[in-house]
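Please look through the structure shown below with attention to its aromatic side chains and their surroundings. The paragraphs that follow take one region at a time.

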Amino acid sequence: LRIVFKHYPLESLHKNAYTAAAAAEAAHVQGKFWEAHDYLIKRRNELATINYKEMAAALDLDAGRFIADINSEEVRKRVDDDAEFASRRLRLTSTPAVYLNGRPVSKLFRKQIGFWNMRVKALKGVYKARKRQW
């Protein structure tokens, strides 16, 4: 199982999506992508008011580096490259999009609890194989 996460910040719908995507990538630089992802998803309706220094503290990140990375050319390029891929190659028009074995998974199927149970089971297997805790 290989999970690939691509950013596709639709600023026309969510004006703070790009900065949030950059924050997730900046956290990734310090090994905390999924923690940042979860933090931001829980606050998706409050993205305009997120204090990124507080976020860094909550995630135990080096705050100075985190803020610098949010605005760095390297992080911004990663977000831009992901958005370009989503738009031009996958021709996405909305988020989230899920692909399994290179094929899109419909929203209807993703709403079925069985799909997510399979995903969790597979991820737990990956963590166990790598001797990491879930």
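A residue is called buried when its relative accessible area is under 20%, exposed when it is over 50%, and partly exposed in between, with a 1.4 Å probe and protein chains only. F5, at 34% relative accessibility, therefore counts as partly exposed. The model is a predicted one, in which local features need pLDDT of at least 70 and side-chain atom pairs count only at pLDDT 80 or more, whereas totals for chains, interfaces and linings use all residues. Residues are numbered from 1 along each chain as its sequence is written, and side-chain values use heavy atoms, with hydrogens and water left out.

F5 lies in the segment before α1 (17-29), where helices are DSSP runs of H or I with at least four residues, strands are runs of E with at least two, and numbering starts from the N terminus. Rings of Phe, Tyr and Trp (its six-membered ring) are taken as a pair if their centres lie within 6.5 Å, and the planes count as stacked under 30 degrees apart, edge-to-face over 60 and tilted for the rest. By this rule there are four aromatic pairs. One of them joins F5 and F33 edge-to-face, with 5.0 Å from centre to centre and 65 degrees between the planes. Because F5 belongs to the segment before α1 and F33 to helix α2 (residues 33-42), this pair ties together parts that are 28 residues apart in sequence. F33, at 10% relative accessibility, counts as buried.

F5 also forms an edge-to-face pair with W34, at 5.7 Å centre to centre and 90 degrees between the planes. Since W34 lies in helix α2 and F5 in the segment before α1, the parts tied together here are 29 residues apart in sequence. W34 counts as partly exposed, at 37% relative accessibility. Through these ring pairs, F5, F33 and W34 are linked into a cluster.

D82 lies in helix α5 (residues 73-89) and counts as buried, at 10% relative accessibility. Apart from its neighbours within four places in sequence, D82 is in contact (heavy atoms within 4.5 Å) with F5, K6 and H7.

Two charged side chains complete the tour. A charge sits over a ring if NZ of Lys or CZ of Arg is within 6 Å of the ring centre and within 35 degrees of the ring normal. The charged end of K6 is placed in this way over the ring of F85, 5.1 Å from its centre, and that of R43 over the ring of Y39, 3.6 Å from its centre.
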